[in-house]
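Please look through the sequence and the model below before reading on.

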Amino acid sequence: MRWAAAFTLGCGAVLLNPAPWALWWSLPLLLAALWAPLRGIALALLLGAVLCEWQVAERLEDRWPAARHGEVREVTGWISELPDARPADQGAHWRFRLTTDDGAQAAGVPRDVRVSWYDGPETLAAASCWRFTLRLRMPRGSHNPGGFDYEGWLFRERLGATASVRDAVPCDDALGGWRAGLLRLRADWAEGLDRHLGAHPGKAYLAALGVGDGRSLTPAHWQVFRETGTSHLVVISGLHLALMTGVGFALIRVLWPLWPAAALRVPTPVAAGWGAAMLATGYALMAGFEPPVIRALLMVWLALWLALRGGWRQPFRALALIWVVVVAWDPVRLMRPGVWLSFMAVAAIVYLLAFRLRAGPGWRQFAWLQLALGLVMLPMTLGLFAGTSLIAPLANLVAVPLFMLLTPAALLAGVLAQLEVGWVTPPLQWLAAAFAAIDVGLQWLTTLGNGVWWPHAPPWAVSVLALLGVLLLLAPRGVPGRALGLICMAPLLIPRAPDDAPLTVTVLDVGQGLAVVARTPHHTLLYDAGPAWPGGFDAGDAVVVPYLRYRGLSQLDRIMVSHADLDHAGGVAAVREAFPGARLLGADTEAPCAAGQGWQWDGVQFDVLHPAVASASAASAHRNDESCVLRIVVGSQTLLLAGDIEATAEQALVRDAHEKLTAQWLLAPHHGSRTSSSEAFIDAVRPQTVVFSAGWRHHFGHPHPQVVERYAWRGIDRWATAEHGALTWRFDGSAVEPQPQAWRHVHRRRWHAPAAP
């Protein structure tokens, strides 16, 4: 097992290092391999590092460069996955993976591109060929603490560019091969369910469990799965392949002796094992052969091979071998939380069955196993997702048997759905109704109270210590010091210590929009919540809430909405859903902001300087100029958050509040638009630092070069979320200007785009 750990450590060293693997590191490892006791560990570590470096370099080579960002090219390729259609009420468009032809790749276009097609055709066939006119973009996304790493996801999925369709013409050269055949078969499977079930709420489960088609699962579904800890039940992975393997093994074990000639040549257990593995392979192919499915299938075949060789007499050595094979297949997959969670779950089950399972009724053993497994997974889910479902053991206690019973039925339903006969529809509807009832039950579980989801982001060291404590608690009877496991787990219950700085301000990277979090030791203000678009990106849900959870905040005191534009107010709904106790102030609220309002938290003064009178601003043609302008004073340091005000409002502020405008730190008005940051306003504020919150190479062109030059000419430090990601300042109240923490610098990985304009 040591060599497996060393191999993983070598891969991890490459993935976590922001620089390429240096060849000179190989020399000390080779020298260490000359000493017999370290030979296996040193060579395994070196092999892991070299293999992972090769995979990373190969992916980075196949990426669209920043120098060609926004370039329009003619590209021919095939739709190599089931295309995802967004409904018309959510801004109708298609999203899919495009695999390009040899000519496009020779011109530097990546092999696989993630494409968005707005106003596309009503139907779009998988495996079809198209000649697209694409606007290609390099992989780049928002970069925030606790947020989804979009660039990492693109890198992990081998997507070398993103693109939008300008024009498209179908071509006759359809995608061939077994992958195309499977893709068309999966599409036919989904279409058959559509014909018989229409918009039935249970259809999404049948498609997901039958062929891994999760297109009908909505964000609401995934929210319920997250809060109940049941996501693993609808994503085809180890549980489902293990179930199909078990079903296949049982059936063949019963049926094989009925064929005496075959049974005399091949023993029944061997035939059952091979047949079960082949059935699992067929299921994996139907499920799209996605990475989690490939990982689970490798485990099935390796488990069969080890069983035939008697290798399962040492189960943990067998698991270590399977782990190394899975990681070696694609070391970059270590970036997937699912890899760690699935192997941890399997290892925990083996551990519990071997050392802790007591004799008794099957239902009691299953219940105890679910509770113990929930305890084992607790530190992992807290560390990976900054929260965990407290009702996951209860939900899985009921849901796992139901899904084990209904999953084979879902496969049979998909086969029946291909028949164009009327008698098929009623049984399909009954099965879909069963899944719909499960869905209602899971939704009900989420209403049990605020304790359903425990938002907590412990440091990694605390999570690892707690995991060791759990394993100690579940150790076999007679192991000394088992009670120490409780002490190891105790730090999980300790909330993160509040920031000791008098004021911490974070300008989040929300693309073309604005979201600022201002924290005192005991209070938190959110100034705007970023953009949200129908059926698209919601910064409140994707950036703001994860950041607040990451910082260990359980409450949000106030949300100030500067004005009603969607790039500022769009994410408010998602934030309010996560923090219902937050008070609203500003546009489209019952408490519009107006000059003269103010409050004090922990010695920090907050004052509204603009607009002069309260206004909801939603119906105003000039709502930018009605933005709430907020002044924050901590000791001798002053900050000014100017919203989207333009020259007219700036003149009014210079005229009416000149003595209050001076600030060392300025959030640039209107993202650095040419219609804002007038010279008179800048001279009145006299900032030492200015911050631009805008999208990277957005078509609005913020910040405008003339505005940037105005600040540069005055020697003002300039920072931009588009270049540096989320930016955090810790103000101590002194006259010394603090330096920011730029997330794109401190959390740098090989696959992240450089901090460049």
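Are R333 and D330 buried or exposed? In this predicted model, R333 is buried, and D330 is buried as well. The two are joined by a salt bridge in which the closest N and O atoms are 3.0 Å apart. R333 itself is found in the loop between α14 (315-329) and α15 (337-355), and because its relative accessible area is 14%, below the 20% limit, it counts as buried. Although R333 and L352 are 19 residues apart along the chain, 27 Å separates their C-alpha atoms.

A further partner of R333 is E157, and the side chains of these two residues meet in a salt bridge with an N to O distance of 3.3 Å. Distant parts of the chain are linked by this pair, since R333 belongs to the loop between α14 and α15, whereas E157 belongs to the loop between α5 (150-156) and β6 (161-171), 176 residues apart. E157 has a relative accessibility of 9% and therefore counts as buried. Through salt bridges that share partners, R59, R156, E157, D330, R333 and R336 are joined into one network.

In general, side chains of opposite charge can pair when their charged atoms come close. The structure as a whole holds 18 salt bridges, and one of them brings the side chains of R750 and E53 together at 3.0 Å, N to O. R750 lies in the segment after α29 (743-746) while E53 sits in helix α3 (residues 36-61), so this pair ties together parts that are 697 residues apart in sequence. R750 and E53 are both buried.

Strand β1 (residues 72-79) pairs with β3 in the antiparallel sense over three bridges, and I79 has L98 of β3 as its bridge partner. Strand β2 (residues 84-86) is also paired with β3 in the antiparallel sense, over three bridges, with A85 standing opposite W94 of β3. Between β3 and strand β4 (residues 112-118) the pairing is again antiparallel and runs over seven bridges; here the bridge partner of F96 is V115 in β4.

Elsewhere, seven strands form an open sheet of mixed pairing, in the order β13-β12-β11-β10-β9-β21-β22. Its edges are β13 (583-586) and β22 (741-742), and because each has a single partner strand, one side of each is left without a neighbour in the sheet. Within this order, strand β9 (residues 503-507) and strand β21 (residues 727-731) pair in the antiparallel sense over five bridges, and T506 has T728 of β21 as its bridge partner. Helix α28 (residues 721-724) contains T721, which counts as buried because its relative accessibility is 0%. Leaving aside residues up to four places away in sequence, T721 touches V507, L508, D509, F692, S693, A694 and L727.

Definitions and conventions. Residues are numbered from 1 along each chain as its sequence is written. This is a predicted model: local features need pLDDT of at least 70, side-chain atom pairs count only at pLDDT 80 or more; totals for chains, interfaces and linings use all residues. Side-chain values use heavy atoms; hydrogens and water are left out. Two strands pair if DSSP finds at least two bridges between them. Helices (H or I, at least four residues) and strands (E, at least two) are DSSP runs, numbered from the N terminus. Buried means under 20% relative accessible area, exposed over 50%, partly exposed in between (1.4 Å probe, protein chains only). Contact means heavy atoms within 4.5 Å. A salt bridge is a side-chain nitrogen of Lys or Arg within 4 Å of a carboxyl oxygen of Asp or Glu.
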